[in-house]
Amino acid sequence: MSETYDVLIIGGGPAGYPAAIRAAQNGLSAICVDAWQNRDGSSALGGTCLNAGCIPSKAMLESSELYHRAQHELAVHGVRVGAVTLDLPAMHKRRAGIVKGMTGGIAGLFKSAGVKTIFGQAQLLPGRQVQVTARDGSMQTITARHVIIASGSVPTALNSVPFDGERIVDSGGALELAEVPRRLCVIGAGVIGLELGSVWRRLGSEVTLLEALPTFLPMADQQLAGEAARQFRKQGLEPRLGARVSGASVGKDGVIVNYSDAKGEQNVVADRVVIAVGRRPNTAGLLADGTGVKIDERGFVVVDEECRTGAENVWAVGDCVRGPMLAHKGKEEGVAVSDRIAGRYAHVDYALVPSVIYTAPEIAWVGQTEEQLKAGGIPYKSGVFPFAASGRAKAMESTAGFVKLLAHRQSDAILGVHVIGPMAGELIAEAVLAMEFRASAEDLQRTMHAHPTLAEAMHEAALATDKRAIDAPNR
Ligand code: NAD
């Protein structure tokens, strides 16, 4: 059987499904092929983000934070509770329910937009033909005027510590542990390591984070990273830096993870090990010979600034192409490509992709760090406002952290905003919007912010760049 569509999208994750919906909104016939398979064998749209990443991790972060706060932070509010106990199956049930609702939601969105779905493994053939192999082995070939590859990414394995799906798991497995491990070792203190380490630490695990690099959060502004390290240390989440993992063995007492650092050979014994050393593009077996699409040495589909591959009318977006592996970056690319296909204007501003780490305190930033500005010889001024001086943060009993705003010393243009503190991931949206509109620090200074809100910290940080903050001393 051979069918023809205007647009065929390979992958129904956060890059692919918005591309499909936008294509349909643009009056094009669209079909989305997805190979996701849950542990119970069922298919689902939404990719890693909805099924095993962003959404379930945020559900567990929220629940574990409430458990932690009920135990340790309610008393100061004058709220007395009896013994707080953990019902982990109920927590998992809530997580799974959210995932089911959200992934089912995409199916509903597809239906109302008129996007067709087909579950199976897609392979691109020459001439924009896509062969889809269903789980029962049956095959069909679909032809499309345009193909958008949005095949996402998969967890990177560590050769020295192979996954066994039980004691040694990836990030997806780490979200579903049926018991709280007494000792948890997380290899990789990046975004996933910190978020999952936080979840299980709050639920009672003793967590050891092993990080290969000598610097903590090297991609973040180092003033922010320093504050994060200080806060995580207090929580028992301090990463062991410069740790080179050489292997692991499963013994009677647990998994022994061997590593070396500046102090020499070391080991950690843990009941569970989570490998969180990054993700790699999911492109193995994706292309038949002769498609004209190129894959680089790291497995990424090679694309230009507008997500065009070398092959005519074949595009690629999201985690399987260059740039940060972030759902929101993939979404913007997917939507932009479907607009380009329809002949509409589209633009993705790669300089303004916000980053968020959903720990407590939350961490978020956009634009350049102080280290990048120094390295680039760009004259800048910095304004820092601590949440300890925010009335709303005090009322929330969440005063750790600050907003740091960097602006050009001469032009006053906002160059970077770095937030560690309550709701940082929400607050950063104002900074992204301001920077998207090429705002100056003065623009933010002259923008009224409701009182009392956390957002006032952004206002005050903008004022602090000119030493005109009102609610904190200007240094
Ligand atoms: P990451 O790149 O953020 O962190 C991986 C960490 O592992 C790095 O610090 C790296 O130095 C370290 N590492 C690599 N090899 C190691 C080794 N052998 N031993 C010890 N440490 C080692 O990747 P991640 O945390 O796995 O996340 C994967 C992707 O998913 C990232 O692109 C991330 O941005 C994305 N993600 C984003 C969010 C979010 O936006 N909140 C959440 C989860 C994942």
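Modeller: Before we start, a helix here is a DSSP run of H or I with at least four residues, a strand is a run of E with at least two, and both are numbered from the N terminus. Please also keep in mind that this is a predicted model.

Colleague: Understood. Then where is Pro452 found?

Modeller: Pro452 sits in the loop that links α12 (441-445) to α13 (456-464). A cis peptide bond joins this proline to His451, with omega at about -5°.

Colleague: Which residues does the other cis bond, with omega about 0°, join?

Modeller: That bond is between Ala360 and Pro361. Pro361 belongs to the loop between β18 (355-357) and β19 (362-367).

Colleague: Why point these bonds out?

Modeller: Because most peptide bonds are trans.

Colleague: And what is the phi of Asn313 near?

Modeller: Its phi is near 60°, which is a positive value in a residue other than glycine. Most residues of that kind have a negative phi. Asn313 lies in the loop between β16 (279-281) and β17 (314-316).

Colleague: Let us turn to the ligand. How many residues are around it, and which come nearest?

Modeller: There are 19 residues around the ligand, and the nearest are Ile192, Glu195, Glu211, Gly278 and Val356.

Colleague: Which helix gives the largest share of that shell?

Modeller: Helix α6 (residues 191-202) does, with three residues.

Colleague: Which backbone atoms lie by the oxygen atoms of the ligand?

Modeller: A backbone N or O atom of Ile192 is 2.8 Å from a ligand oxygen. For Val191, a polar backbone atom lies 3.2 Å from an oxygen atom of the ligand.

Colleague: How much of the ligand does the protein bury?

Modeller: The ligand taken alone exposes 840 Å², and the protein buries 76% of that.

Colleague: One more topic. At what angle do α3 and α4 cross?

Modeller: The axes of α3 (residues 54-72) and α4 (residues 88-113) cross at roughly 145° and come within 9 Å.

Colleague: Is that crossing right-handed or left-handed?

Modeller: It is right-handed.

Colleague: Which residues meet there?

Modeller: From α3 they include Ile55, Pro56, Ala59 and Met60, and from α4 they include Leu88, Met91, Ile98 and Met102. The residues of this contact divide into nine nonpolar, three polar and three charged.

How values were computed
Residues are numbered from 1 along each chain as its sequence is written. This is a predicted model: local features need pLDDT of at least 70, side-chain atom pairs count only at pLDDT 80 or more; totals for chains, interfaces and linings use all residues. Side-chain values use heavy atoms; hydrogens and water are left out. A residue is near a molecule or strand if one of its heavy atoms lies within 4 Å of it. A polar contact is a pair of N or O atoms within 3.5 Å; within protein, one must be able to donate a hydrogen and the other to accept it, and residues adjacent in sequence count only if both atoms are side-chain atoms. Accessible areas come from the Shrake-Rupley method with a 1.4 Å probe; for residues, only the protein chains shown count as cover. Axes are lines fitted to C-alpha atoms, for helices over the stretch in contact, and angles run from 0 to 180 degrees between N-to-C directions. A crossing is left-handed if the near helix is turned anticlockwise from the far one by less than a right angle, and right-handed if clockwise. Contact means heavy atoms within 4.5 Å. Ala, Val, Leu, Ile, Met, Phe, Trp, Tyr, Cys and Pro count as nonpolar, Asp, Glu, Lys and Arg as charged, and the others, Gly among them, as polar.
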